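User: Hi, I have a model open and would like to walk through it. Can you help me read it?
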Amino acid sequence: MPPTRLKSFLDAQVLRYNRVDFIATDPIAIPHAYRKRQDIEIAGFLAATLAWGQRQVAMRKCRELLGFMDQAPYDFVMHHQPHDLKALHGFRHRTFQPTDALYFMRFLQHYYRQYDTLETAFMMGLPAADGDVEAGLVHFHELFFSLPDHPMRTRKHVPTPRRKAACKRLNMFLRWMVRQDTQGVDLGLWKNMQPRQLVCPCDVHVARVSRQLRLLQRTRTDWPAAQELTRALRQLSPEDPVQYDFALFGLGIQGAQGLEVYL
């Protein structure tokens, strides 16, 4: 039987944090500004990729990058000319450098000239049987770096479970695209991948809270830890385990004060 006390506590935290007013201060606000599927996908992928460090700074830098794309990311990706890329030579966010931005544009143009949606890039790697998104993430990484002469330095920005990376930002992107969220936070744009297949975004803050709640035993914050945490969350919600990302993230912000009611 599921631990009912823990489930009740986390369900209450989901209701607390999974709210429309959450959007304005979170990188998910970036794709929420668009209506066209491809614009949402590209803006979301870029926002998730740049989502480290202070959230306000990451959001500002992503809006700066989209500004270089005339706030029309799909049109820019599909139709940009060499002179349009000059603005990207000055774009930097932490370790994300112009070389990385230019390769992202190159890959996205190559990809969208073949497919209508970025969902296909992940679905091609998923086996027919139910499972989590590990194989899809591995395939996406391999596809992303399949173009000749891709910069090796860019690999750190699109991680893979094959190297045991936690893939926190990619899992966050998939949460945005896949979860059918009745509160209007996650976008639920993709219909082929199922919420039950998602893996919980796991960074040091989520992992710390999860260990305190005994949802996670592994001491390293890596891909096996993300899977272990998600398996525990599936005991609480088999069809939508990643809804608890809201609770764990919110409790991580609050620190010990947020957990004192439960512990």
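User: What share of the 263 residues in the chain is buried?
Analyst: Buried residues make up 56% of the 263. Buried means under 20% relative accessible area, exposed means over 50%, and partly exposed is in between (1.4 Å probe, protein chains only).

User: What kind of model is this?
Analyst: This is a predicted model: local features need pLDDT of at least 70, side-chain atom pairs count only at pLDDT 80 or more, and totals for chains, interfaces and linings use all residues. Residues are numbered from 1 along each chain as its sequence is written, and side-chain values use heavy atoms, with hydrogens and water left out.

User: How many helices and strands does the chain have?
Analyst: There are 13 helices and 0 strands. Helices (H or I, at least four residues) and strands (E, at least two) are DSSP runs, numbered from the N terminus.

User: Why call the chain as compact as a globular protein of that length?
Analyst: Its radius of gyration is 18 Å, close to the 18 Å from the globule rule for 263 residues, so the chain is as compact as a globular protein of that length. The radius is taken over C-alpha atoms, and the rule is 2.2 Å times the number of residues to the power 0.38.

User: And the box around the C-alpha atoms?
Analyst: Roughly 60 × 35 × 30 Å, along the principal axes.

User: New topic. How many salt bridges are there?
Analyst: A search of the whole structure finds 15. A salt bridge is a side-chain nitrogen of Lys or Arg within 4 Å of a carboxyl oxygen of Asp or Glu.

User: Show me one.
Analyst: Take Lys 168 and Asp 203, at 3.9 Å from N to O. Lys 168 sits in helix α9 and Asp 203 in the loop between α9 and α10, so the pair ties together parts 35 residues apart in sequence.

User: Is Lys 168 buried or partly exposed?
Analyst: Lys 168 is partly exposed, at 23% relative accessibility. Asp 203 is buried, at 18%.

User: Which residues does Asp 186 pair with?
Analyst: Asp 186 forms a salt bridge with Arg 175, with the closest N and O atoms 2.9 Å apart. Asp 186 lies in the loop between α9 and α10 and Arg 175 in helix α9, so this pair links parts 11 residues apart in sequence. Asp 186 also bridges to Arg 179, at 2.8 Å.
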